[in-house]
Amino acid sequence: MNLKDAAATASDRTGVIWTLDASSDLNANLVCFGTGQGVGEHVNDEIEVMVLGVSGSGIVTVDQKEHALSAGMLMFIPKGARRAIVSTSEDFAYLTVHRR
């Protein structure tokens with residue numbers, strides 16, 4: 001699967017545009033947002049998450065520290081961390097991977 005192509009063809013869809021259905025253990029989601037959109041601040045005490053930038057750019061805030069995320073950049077969010085993600089471009093897409 002070409003993640004960048006999948007994100008580019010999402011047109012006006014926002015949020016999760018693709019989910020891995022083939023695994024009962026692993027969860028992967030391709031997520032797209034336009035400028036200023038994203039996932040509000042929250043805490044997840046149950047799972048750690050890997051986030052891979054696919055296109056565009058955004059800010060991932062973890063425990064009140066901002067991290068720039070763009071295509072090819074990978075970051076780890078530990079469980080129990082306060083987190084939020086917001087797009088800073090019109091074509092922001094990222095892949096999340098975590099256990100189910």
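Two strands are taken to pair if DSSP finds at least two bridges between them, and by that criterion strand β5 (residues 57-62) pairs with strand β8 (residues 82-87), the two running antiparallel and being joined by five bridges. The views below are of a predicted model.

**View 1. Strands β5 and β8 lie within an open sheet of four strands.** The order of the strands is β3-β8-β5-β6, with antiparallel pairing. The edge positions are taken by β3 (38-43) and β6 (65-70), each of which has a single partner strand, so one side of each is left without a neighbour in the sheet. Neighbouring strands of this sheet are turned against each other by 15 degrees on average, direction ignored.

**View 2. A salt bridge joins R82 to E41.** A search of the whole structure finds one salt bridge, and in this pair of R82 and E41 the closest N and O atoms are 3.7 Å apart. Because R82 belongs to strand β8 and E41 to strand β3, the pair ties together parts that are 41 residues apart in sequence. R82 counts as partly exposed, with a relative accessibility of 37%, whereas E41 is exposed, its relative accessible area being 51%.

**View 3. An open sheet of five strands has the order β1-β2-β9-β4-β7.** The pairing in this sheet is antiparallel. Strands β1 (15-19) and β7 (74-77) stand at its edges with a single partner strand each, so one side of each is left without a neighbour in the sheet. From one strand to the next, the twist averages 30 degrees. Strands β2 (residues 26-33) and β9 (residues 92-99) pair in the antiparallel sense over eight bridges, and V31 has Y94 of β9 as its bridge partner.

**View 4. Ring pairs link F33, F92 and Y94 into a cluster.** The structure holds two aromatic pairs. The pair formed by F92 and Y94 is tilted, with a distance of 5.2 Å centre to centre and an angle of 40 degrees between the planes. F92 counts as buried because its relative accessibility, 1%, falls under the 20% limit applied to buried residues. Y94 likewise counts as buried, at 2% relative accessibility.

**View 5. The side chain of S55 reaches the backbone oxygen of D91.** The distance of this approach is 2.7 Å. S55 is placed in strand β4 (residues 49-55), and with a relative accessibility of 10% this serine counts as buried. When its neighbours within four places in sequence are left aside, the residues in contact with S55 are A7, A71, D91, F92 and A93; F92, one of these contacts, also belongs to the ring cluster with F33 and Y94.

**View 6. D21 lies in the loop between β1 and β2.** This aspartate is exposed, with a relative accessible area of 70%. Along the chain, D21 and I59 are 38 residues apart, and their C-alpha atoms are separated by 27 Å.

Notes. Residues are numbered from 1 along each chain as its sequence is written. This is a predicted model: local features need pLDDT of at least 70, side-chain atom pairs count only at pLDDT 80 or more; totals for chains, interfaces and linings use all residues. Side-chain values use heavy atoms; hydrogens and water are left out. Axes are lines fitted to C-alpha atoms, for helices over the stretch in contact, and angles run from 0 to 180 degrees between N-to-C directions. Buried means under 20% relative accessible area, exposed over 50%, partly exposed in between (1.4 Å probe, protein chains only). A polar contact is a pair of N or O atoms within 3.5 Å; within protein, one must be able to donate a hydrogen and the other to accept it, and residues adjacent in sequence count only if both atoms are side-chain atoms. Contact means heavy atoms within 4.5 Å. Rings of Phe, Tyr and Trp (its six-membered ring) pair if their centres lie within 6.5 Å; planes under 30 degrees apart count as stacked, over 60 as edge-to-face and the rest as tilted. A salt bridge is a side-chain nitrogen of Lys or Arg within 4 Å of a carboxyl oxygen of Asp or Glu.
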